[in-house]
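Grab a pencil and open the viewer. We'll work through a handful of exercises together, each with its solution spelled out.

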Amino acid sequence: MVDFLAENNLCGQAILRIVSRGNAIIAELLRLSEFIPAVFRLKDKSDQQKYGDIICDFSYFKGPEFYESKLEAKPELQDLDEEFRENNIEILTRFYLAFESVHKYVVDLIRYLDDLNEGVYIQQTLETVLLNEDGKQLLCEALYLYGVMLLVIDQKMEGEVRERMLVSYYRYSAARSSGDSNLDDICKLLRSTGYSSHPGAKRPPNYPESYFQRVPISPTFLSMVIGRLRSDDIYNQVSAYPLPEHRSTALATQAAMLCVCLYFTPSILHTQQAKMREIVDKYFPDNWVISIYMGITVNLVEAWEPYKAAKTALNYTLDTANIREQAGRYAASVESLRPRVQQSLKEGFLREEIILDNIPKLLNCLRDCNVAIRWLMLHTAESAYDPNNKRLRQIKDQVINDSKYNPKILFQLLLDTAQFEFILKEMFKQMLAEKQLKWESYKKEGSERMMELAEVFSGVKPLTRVEKNENLQAWFREISKQIESLNYEDSTAAGRKTVQLIQALVEVQEFHQLESNLQVSQFLADTRKFLHQMIRTINIKEEVLITMQIVGDLSYAWQIIDSFTSIMQESIRANPSMVTKLRATFLKLASALDLPLLRINQVNSPDLLSVSQFYSGELVAYVRKVLQIIPESMFTSLAKIIKLQIHDIMEVPTRLDKDKLKDYAQLSARYEVAKLTHAISVFTEGILMMKTTLVGIIKVDPKQLLEDGIRKELVKRVAYALHKGLIFNPKAKIQDWQSVYQSTHIPIPKYPSVDESATFIGRLCREILRITDPKTTCYIDQLNTWYDVRTHQEVTNNRLFSEIQDTLGTFGLNGLDRLLCFMIVKELQNFLTVFQKNILKDKAVVDIFKALLTAVNPVKGIVANASKVYANAAAKTQKIWPAYLEAIMKVGQMQVLRQQIANELNYSCKFDSKHLAAALDNLNKSLLSDIEAHYQDPSLPYPKEDNTLLYEITAYLEAAGIHNPLNKIYITTKRLPYFPIVNFLFLIAQLPKLQYNKSQGMTCRRAADQVDWAPLVLGLLTLLKQFHSRYTEHFLALIGQFIRSIMEQCTSQKIPDMPSDVVGALMFLEDYVRYTKLPRKVAEAHVPSFIFDEFRTVL
């Protein structure tokens, strides 16, 4: 019969693929459970008020029209809904795909069972598959993994949260429009069960059996699987645990599977006492806390409480006398095992010959240690006992008292066992690798000794007082041939023959009185020794390693181990070299990865990498968490050193009187500094002793661990200092997992907000915006300085940005620039929304624009009665300008700040790294000339879409200040009617508030009407830059027409002075050309040069 798991066995491959996928789905569910957006929990009142109307549970499906109409009635809710969709659709899709895969898994399993029944797989039925060892394991695993998925979903993702996420996905995705979507089935399977994982929460009635029965599964299949799990040792584990008292540990994996599968047929748990009694006697005679999958623990006392038969059957196990007996047994076991393991770990004890002679003893010691550790860790775990349940508390207290439980002693035993196991495995692997070579060398040595003896008795070889003896010569030759003929491949026959040869050599020595000759005796003794070694070597079998792997399983502690973190950290703090022992413990924990990866690996699934990475990543994160105590302790010592050096140790002057030498010596303080410095070096040595280790599939380099740990601690302390220091007291949201700057290993800590800013950089930015607010300050461009409008005192200047760079560095200043960039985007988006909703929807205002457009057509001409036409239009639209002005000024203010930051970055880059500045500048220019050449001749090369060169170089250029913030496109825009005329009208409406001052340029006439010129110009310039250049052309043409028309009117009315509004408009054109670095002809195309000449005389 073909092997069940062979690639050409379709039946075996189909169920193997299902089981492999089951393990991958559970890994994905566990991974996603860490990324549930907090907003779906609706815990805070603020979240409930803000998102209550857009996040719904399954009640939405009763009347979707009602909910949608509620949203459509309020435009602000629609905006919030759209923003929420953009922020969360990616993660919602990922969750939905995981939920869908759970449903698909059970549907595929049912289809596979139907195919078996219908004879799709030739010669295979459910019964024949269950008779096959692999088939039996896979079918049991398939059902068990489905149960684990359901339990994981309910434990890690509350029912209400699931419902809200599914409804949000349904609303935001295209799934509802596609006919083949099985969203309804998924919603039925995963609707809330009422279960809560919070301690003290009440268990819903008929839970989890009603949840497990939402998708019906064949009762025959369930009955047969449970039958196999009850009666068979499906994984042949008992052979690894020969002692009867270890049986429950040997069958622990199967017991966990049985517990999960029993929920599919609750009638056994409720009424079938005989079956339950059998199950408890076989699997749970001495234990009641089990690990069902990767450390998820279940306490059967609590889990089986509602089921009469199960509860009754478990009562004997929970009998006070039985608990006392078991706890006492393990207490005595720990007491006796600790010295044995410590003795084995002594330097030089575990030698090759001792291991080979004592394999059974060493394995028994390992078994006893692992069984004791397992029982004590599980039965004393905090997570396994609900503190609100009186009976559970009593059982836990009894276990702790009777087992004399001491977490430090248990942890020490775990450390020693892991180290013992690790050394034994490594030595055994090495012996296994060298087994054949050594065996052959011993055989050769033995054979040669026999040949040499044969030659001695030939009388030819000179050896003192040995007579010639042809019989012995022939006998030794024959023995040499016999040794030579031993075959390594046939180990059983070789072993038997070797024993006979040893016996023959003993006998020849006795019967032929060969003891009298020392040299002959020595040769015989050596040969016997080599033959003994051959027997030992042939007994080195891989089965021993497999047994050690089975016995050393620590997957049950995947989550409980966290309760030992503080003990680990304390022991590292006391003795940093402890890290080497911890390494063995982490590697022992890494063996837990074999459980979920075995089937994925067997089927060569592409999921292997992602699942390995997830579990390895979890373990590495835990290793980092434990070892973070080293950087923490280092920084604590450093803080003490800094305190001593600043406050206690006096600086020694260059000249010093002899009698004052003692005062300045301060020996105790200096000794303290030396002691602390030495302690820091010992800590770093400790972590570096932990050699590079492969944890799962992730390589852990101790140097990297130390560096990351120091950086993490540094980030924490710097962030805290900045968080505390940058709090000012004046009178699109990025998720953590989306941020390129946030790291799981070196996280940027989050502190509670003290204002609307999430971080200190936001507070700093808002404080700069507050003190340079155009409503209260006036910016003088030539001096790069802000002055207070009322007091005319200097508020701040461009030195501010040098100070920030000194404090926060280039990255801090660049971060501030990026934040301003995003603020400009937000401001422009808000502005466009206001423009479309408030200006274009106001019919009266639009009519004014239409009338003005008619009056000024054609733009090349001159407007008759100009001052009246313009003044009327400006007066009629007066109400819309305050909000417009505020938005423009905000954008302009941020652009001024961005220009100052770019100047500072560029200056410091040229000063501190001139080669980088020159290289970037040249690369930028050459790239731009290449791109220009391509547009003139498309056959020339141009960076393709998938080429990241332009994106990467932009980041460098911005960090070096080699960019112009005014030339940036911040948002994508659509065509807007009346846009140039609106902006033109806005500008001329502001001109009467301004006047020209020879020393200060354009300033406001009255402090009450504060308009800051530079932000006004830069804001308008930035806004126009976001649109097609023809809008700017039209806008400049309108200003030119305004200047010509007013000048024409002045000439005809013989007014000699140039009106102030014209001076303002001309100043705008001058500044526009200066800021955009465009040629002067752009302005002169709309205004005759003689007007500019006259304007300059005014200046």
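This is a predicted model: local features need pLDDT of at least 70, side-chain atom pairs count only at pLDDT 80 or more; totals for chains, interfaces and linings use all residues.

Residues are numbered from 1 along each chain as its sequence is written, and side-chain values use heavy atoms, with hydrogens and water left out.

**Exercise 1.** Work out how the axes of helix α26 and helix α30 cross.

*Solution.* Step one: find the two helices, α26 at residues 565-574 and α30 at residues 629-648. (Helices are DSSP runs of H or I with at least four residues, strands are runs of E with at least two, and both are numbered from the N terminus.) Step two: their axes come within 10 Å and cross at roughly 50°. That makes α26 oblique to α30. The cut-offs are these: under 35 degrees is roughly parallel, over 145 roughly antiparallel, 65 to 115 roughly perpendicular, and the rest oblique. Axes here are lines fitted to C-alpha atoms, for helices over the stretch in contact, with angles from 0 to 180 degrees between N-to-C directions. Step three: look at the residues that meet, which are Gln569, Ile572 and Arg573 from α26 and Ile629, Ile630 and Ser633 from α30 (contact means heavy atoms within 4.5 Å).

**Exercise 2.** Decide whether Ser1045 is buried or exposed, and list what it touches.

*Solution.* Start with the location: Ser1045 sits in helix α43, residues 1029-1052. Next, the relative accessible area is 1%, so Ser1045 is buried (buried is under 20%, exposed over 50%, partly exposed in between, using a 1.4 Å probe and protein chains only). Now for the neighbours: leaving out residues up to four places away in sequence, Ser1045 touches Ile862, Val863, Ala866 and Tyr870. Finally, check Asn865: its C-alpha atom is 8.3 Å from that of Ser1045, although the two are 180 residues apart along the chain.

**Exercise 3.** How many aromatic pairs does the structure hold, and what kind of pair do Tyr195 and Tyr207 form?

*Solution.* The count is 48 aromatic pairs. Tyr195 and Tyr207 form a stacked one, 4.9 Å centre to centre with 10° between the planes. (Rings of Phe, Tyr and Trp, the last by its six-membered ring, pair if their centres lie within 6.5 Å; planes under 30 degrees apart are stacked, over 60 edge-to-face, the rest tilted.) Now place the partners: Tyr195 and Tyr207 are both in the loop between α8 (183-190) and α9 (209-212), 12 residues apart. Then check accessibility: Tyr195 is partly exposed at 23%, whereas Tyr207 is buried at 8%. Last, zoom out: ring pairs link Tyr195 and Tyr207 into a cluster whose members include Tyr105, Tyr146 and Tyr211.

**Exercise 4.** Look up phi for Tyr978 and Lys1077, neither of them a glycine.

*Solution.* Tyr978 has a positive phi of about 65°, and Lys1077 has one of about 60°. Tyr978 lies in the loop between α40 (949-959) and α41 (979-990) and is partly exposed at 21%. Lys1077 is in the loop between α44 (1060-1076) and α45 (1081-1084); with a relative accessible area of 69%, Lys1077 is exposed.
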